[in-house]
Amino acid sequence: MERPYILHMFTPGKQMSPFDVNMAADAGYQIIVPYCEVGLDGVKGLTQDAIFSRGPKGVARTGIFIGGRSATVAADMLDKAKDSMVKPFVVSLMADPSGAFSTAAAMVACVDAALRKHHGHGLKDQRVVVLGGTGPVGRVAGVLAALSGAQALLSSREGDEAAEAAARDTGQRFGVTLHGVSGRGHDAVRASIGEADVVLGCAAAGVQVVSVEDLAVAKRLKVAADVNAVPPEGIAGVGVMDDAVPLKGTSAVGIGALAIGNVKYQTQHRLLVQMRDAEKPVVLSFREAFAAARAFLEEKP
């Protein structure tokens, strides 16, 4: 009898995301088992229970997915699971906490593609302001922008101190240089985006962080992208379906939540399928998600 594809799903939260469970099923996993309230100290035991029970052939059809809500905690859990393997008992691993890795990857890939199409260059040397930059999507988007050669600034509605702490901690964890900037109030937002080439809206759903009046000061703006799909728009004038559509009152183009969401969906699906089908074990995080998102966009007509 052919062994089934099994995906073990770890989360520090009280429940695993139904979205991720559905995605795993659609990617071809036949048995999907969530493990909730898993701490970092519990990862090794669960991982080794998963690998030693199936034999070298069985581990090829076994995967571990790490969810949660924190980018840094998920990265730590991914590293712990990887370090817990004992050859030849090695399974594929993937982390995507609250979809933050695949969403950030899709967002930054869409922005990079829009810059290349409309300006003939990518993110290198661009000033990127991430509004809602202390959340999981914002932090990872900032990291990916920095890895692409941009000057990335994480903005916080809590002010300079919170933004600088998030930038420092995130940058140290992922080996990049990030900067913090205040997003407390319209004056602070306007000061931060006045010299921005790119603005990424990663704030909470239903919260507008950039108004029409705010946009008026962003004279250098080339691309504005927003992951908020709940009215009002996170960035005024950026419709959820917009895919590099001219943004009224500016010289920029806007990329909306559903345009980004389509790329996010394709990215996560491709990574799950890659993990399931891999002949040799793979470890998939936001870097691999970014590569998958860019590959998908390059295939679009």
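A salt bridge is a contact in which a side-chain nitrogen of Lys or Arg lies within 4 Å of a carboxyl oxygen of Asp or Glu, and in this structure Glu 195, Asp 197, Arg 220 and Lys 222 are linked in a network of such bridges. The model is predicted, with local features needing pLDDT of at least 70 and side-chain atom pairs counting only at pLDDT 80 or more, while totals for chains, interfaces and linings use all residues. Residues are numbered from 1 along each chain as its sequence is written, and side-chain values use heavy atoms, leaving out hydrogens and water. By the salt-bridge rule, the count comes to 13.

**The network**

**A bridge between two helices**
- Asp 76 pairs with Arg 173 in a salt bridge whose closest N and O atoms are 2.9 Å apart.
- Because Asp 76 lies in helix 4 (residues 71-83) and Arg 173 in helix 7 (residues 160-174), the pair ties together parts that are 97 residues apart in sequence; helices here are DSSP runs of H or I with at least four residues, numbered from the N terminus.
- Asp 76 counts as partly exposed at 31% relative accessibility, and Arg 173 counts as partly exposed at 27%.

**A bridge between Arg 168 and Asp 169**
- The side chains of Arg 168 and Asp 169 form a salt bridge at 3.5 Å, N to O.
- Arg 168 is partly exposed at 46% relative accessibility, and Asp 169 is partly exposed at 40%.

Technical notes. Buried means under 20% relative accessible area, exposed over 50%, partly exposed in between (1.4 Å probe, protein chains only).
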